[in-house]
Amino acid sequence: MFHQGYVLGPRDEGELVAKLVWRVKLVTELEAGETMEVEVARLERDEHAGLADLGLRLAEAKQLMAAIQAEIVPVQVTVAGEHRRTCVACEGELASKGHYTATFRSLFGDVRIRIRRLLTCPCQGADEAKSFAAFDLEAATVAPELAYVTARYAALAPFGKVADLLLELLPISGARNAGTARNRTMRAGETVVRPHAADMARAPAVQPAEPVVIGLDGGYVRSRHRQDERHFEVIAGKIIDAEGNQSRFAFARNSPAVGSGAFRQALAVAGVTADTPATVLCDGDAGLWRLQRESLPNATVVLDWWHAAVRFEHALQAARGLGAANAHLSGDVVRGLERAKWRLWHGRWPGCRRKLAAFCRRAQRTHVHDVAGIGRLEHHVGELLAYLERNQGTLVHYAARRRNGEPISTAFVESSVNEIIAKRMNKKQQMRWNRATVQPFLDVRTTVLNDTLADAFRHRYPGFRPANDDEAIALAA
């Protein structure tokens, strides 16, 4: 309720100046038709208002929201506590054990509240607790809205920057420092995001399996425990379904917090089962292929073409460098490497291997071994051949897949590594991470990037931001 007034006030030399006054009152309507009215704010402006005086100032808005919150929350807690004074079994009235005070931390200020404790009804038996709180505030006493906003933006920006932003915009109980933002983000990952993912993974699939493409890659972040390891690896991946929908996931390799089931859970959350037709691409890392074999043994596996092509290019550059010493040999080797690459591109791996192996034998001959730069070339070709032999089971007809519009590169998952790990946890970031405790943050960040953080909070807190909020607001308008 707003009341507007127009009053006269004194000026320095005895003159009078007109002021605009607004009084903001909060009216509470109770069940029996009773109403309570309280003034929560009084705003004043001179009649000669400048641009900076138009509307509410940020400090006034923060004060107004905090005052309204301080009036609403205690009434809600009291009414909810009174409704629980009746035993659900015998409908008898429960005796009160007293009250205790707590601080409810919300987006719009800290509110001190009194919570009633009730004695358990004798009809419940001796196994029940002797008393309980009439309103379950939970141990954290942080409002879901505040936890959501903190976690959402802390997943995208440094904790200190998020703390400064919340403290600037919110009354009193924004995140006061980087540690508060970090702790609330980690708690959201542990108590909200992870249980939601576990429940989604256990839910049975409601639609028939459709083909998916899965990319796996890794990136390194700075370790907090420098005496044990300077960096540790985080596995990041992306799942793309037949309709183009993308689901990101990440977990620390060899992390004690998640174990070996992190990849299986990520697949289950995206609706991927052992029977789902899947194509898995990675850069040839043995650990990533092991993850694939454990979770999707029947998947089509494809070695990333880019990583193979880069190794061919290194060998070609070394071969071109022989031109100064032996132009004939340089041209011969370049043509041989290009033919080997062409054969690999067209799915003719045996022919490619023969070409590379033949060069390795030729490089051992006496009249070739003494050519300047041949050692560097032999090293690159030997490394290329060993790389392809280690991954020969994942070599495919790349040209045919390209013509059919099928993926041959992990470029789509390289971008996931960049957005999940590099942008927030590595590039220009000085923060160090703990392998054992980094998983809750990774869960929150991937959930934010997948745009499912609000769904996780709805699962944990019924009534949190109903999905049809926008429709309801439009109808009310």
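**Notes on the predicted model**

1. Helix α14 (residues 439-449) is largely enclosed by the rest of the structure, because 10 of its 11 residues are buried. The buried residues are Q439, P440, F441, L442, D443, V444, R445, T446, T447 and V448. After α14 comes D451, which has a positive phi, near 60°.

2. The average pLDDT of the chain is 83, and 87% of the residues score at least 70. Among the elements, helix α12 (residues 398-403) has the highest mean pLDDT, 95, while helix α16 (residues 469-476) has the lowest, 51. Over residues 473-477 the pLDDT falls below 50, and this stretch has zero contacts in the model beyond near neighbours in sequence. Where pLDDT is low, the predicted coordinates should not be read in detail.

3. Because D443 lies in α14 and R194 in helix α4 (residues 178-202), the pair ties together parts that are 249 residues apart in sequence. D443 has 14% relative accessibility and therefore counts as buried, whereas R194, at 27%, is partly exposed.

4. R435 forms a salt bridge with E229, and their closest N and O atoms are 2.7 Å apart. R435 belongs to the loop between α13 (411-426) and α14, and E229 to the loop between β7 and β8, so this pair ties together parts 206 residues apart in sequence. With a relative accessible area of 18%, R435 is buried; E229, with 23%, is partly exposed.

5. Which strands pair with β7 (residues 212-222)? Strand β10 (residues 278-282) pairs with β7 in the parallel sense over four bridges, and I214 has V280 of β10 as its bridge partner. Strand β8 (residues 231-240) pairs with β7 in the antiparallel sense over 10 bridges, with Y220 opposite E233 of β8. Strand β7 is mostly covered, eight of its 11 residues being buried.

6. The whole structure contains 20 salt bridges. One of them joins E37 and K25, whose closest N and O atoms are 3.3 Å apart. E37 is in strand β3 (residues 35-46) and K25 in strand β2 (residues 16-29). Elsewhere, R45, D53, R57 and E60 are linked in a network of salt bridges.

7. Finally, L58, L165 and L169 make a nonpolar surface patch of about 260 Å². L169 lies in helix α3 (residues 159-169) and is partly exposed, at 46% relative accessibility.

Conventions. Residues numbered from 1 in each chain as written. Predicted model: local features only at pLDDT ≥ 70, side-chain atom pairs only at ≥ 80, totals over all residues. Heavy atoms only, no water. Buried < 20%, exposed > 50% of the residue type's maximum accessible area, 1.4 Å probe, protein only. Helix = DSSP H or I, 4+ residues; strand = E, 2+ residues; numbered from the N terminus. pLDDT = per-residue confidence, 0-100. Contact = heavy atoms within 4.5 Å. Patch = residues over 30% accessible without salt bridge, like charges linked within 9 Å, V, L, I, M, F, W, Y side chains within 5 Å. Areas by Shrake-Rupley, 256 points an atom, 1.4 Å probe, with all protein chains shown as cover. Salt bridge = Lys/Arg side-chain N within 4 Å of Asp/Glu carboxyl O. Pairing = 2+ DSSP bridges.
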